[in-house]
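Here are some exercises to work through with the model open beside you. Try each task before reading its solution.

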Amino acid sequence: MRVDCEDCAGCCIDWRPVSPVTLDHERRGPRAPLDDTYNLVPLTRDEVREFVDAGLGDVLTPRLWEAAPGEGIEIDGTEVASVGGKPAFFVGMRKPPKPVSPFDIERTWLRACVFLDPDTLQCRIHDSDLYPDECSEYPGHNLVLDQETECERVERIHGGDRLLDDEPPENHQGLLLGPHALGAKLFVHPEPERLDGVVERIQTRSLTAADRAEFVGVAVGSHPGSTEVDDERARDAHERTLEADSWAGSAFDAWVEAATALGADAVDAPDPADVEVARGAPETPGWDAIRQEN
């Protein structure tokens, strides 16, 4: 499986504001997510724990889904998808607005993964142990499931060749589906009554640090193949997530403060090096270095 990611990052950026067509592949059917995050990457329990251990729990966020009437649990007046009568969720990475220029467009304010370097459009944790399996194998899982990839959407709308090889990888990992996902990638919150107000804040993009830590703690405390949660482990992860003060979390707040409207010109945006690298973000090699390696 080969892809051309140079100057793209379509899978890491919410490029809907600059798309001439509607991109709604995440919001179809009865299991539409409650949030409006584009291409949220679901992390495994072990990956969530590793982010917390690295002091990066402040960049994690939950995803819950709508359910058809009578098929879930009602919280804040919304029917939420559930397992055994308790709300189900993923944990992914937050996406602040950043000044980016994918597909050769002018620099524009678009939501992008907290770890994306706005200048090079490369991942700041690509070569680290924190790089998620889902990112590492993208778009392999889509190919295995015969689903359209972001590479193909970019090709269709902006041209170019992004998906250079559409053969699914033979030894893909992390494609957890059905019962295998429970407690390993799909988590279940054990006490729905603790979520009063949270569902509404997910829908209005106003989650608090305490809201996010609540879900991160449950994810870390979960048992693979089960809906059970280790309370002590969950409390520890919850507390460490609340205490996190990472470069990425700080940069997130700085980008939110600096951004104008999504899809607006970002020519006067702050220098990403001042916002991210100065706070401790790992630098990226640039595409010349990648071409030399290949």
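**Exercise 1. Describe the lining of the largest cavity by residue class, then name its residues and give its volume.**

Step 1. By class, the lining has 5 nonpolar, 4 polar and 1 charged residues. Here Ala, Val, Leu, Ile, Met, Phe, Trp, Tyr, Cys and Pro count as nonpolar, Asp, Glu, Lys and Arg as charged, and the others, Gly among them, as polar.

Step 2. The lining residues are Leu182, Gly183, Leu186, Phe187, Val188, Ser222, Ser226, Thr227, Glu228 and Val229. On a 1 Å grid over the protein atoms alone, a cavity is a set of points where a 1.4 Å probe fits but cannot get out, while a pocket is an open set with protein on both sides within 12 Å along at least five of seven lines; lining residues have an atom within 4 Å of a point.

Step 3. The largest cavity holds about 30 Å³ of space, and the structure has 1 cavity of 30 Å³ or more. Grid points are joined across faces, edges and corners, and the volume is the space filled by probe spheres set on the points.

Before going on, a word on the model. It is predicted, so local features need pLDDT of at least 70 and side-chain atom pairs count only at pLDDT 80 or more, while totals for chains, interfaces and linings use all residues. Residues are numbered from 1 along each chain as its sequence is written, and side-chain values use heavy atoms, with hydrogens and water left out.

**Exercise 2. Find the backbone features at Asn39, Arg205 and Pro139.**

Step 1. Recall that most residues other than glycine have a negative phi, and most peptide bonds are trans.

Step 2. Asn39 has a positive phi, near 55°. Asn39 sits in the segment before α1 (45–53) and is buried, at 13% relative accessible area. Buried means under 20%, exposed over 50%, and partly exposed in between (1.4 Å probe, protein chains only).

Step 3. Arg205 also has a positive phi, near 55°. Arg205 belongs to the loop between α5 (198–203) and α6 and is partly exposed, at 41%.

Step 4. The peptide bond from Tyr138 to Pro139 is cis, with omega near 5°. Pro139 is in the loop between α2 (133–136) and α3 (140–144).

**Exercise 3. Describe how α6 and α7 pack.**

Step 1. The axes of α6 (residues 209–221) and α7 (residues 231–243) come within 7 Å and cross at roughly 145°. Axes are lines fitted to C-alpha atoms, for helices over the stretch in contact, and angles run from 0 to 180 degrees between N-to-C directions.

Step 2. Residues in the contact (heavy atoms within 4.5 Å) include Ala213 and Val220 of α6 and Ala237 and Leu242 of α7.

Step 3. By class, this contact has 9 nonpolar, 4 polar and 2 charged residues.

Definitions and conventions: Helix = DSSP H or I, 4+ residues; strand = E, 2+ residues; numbered from the N terminus.
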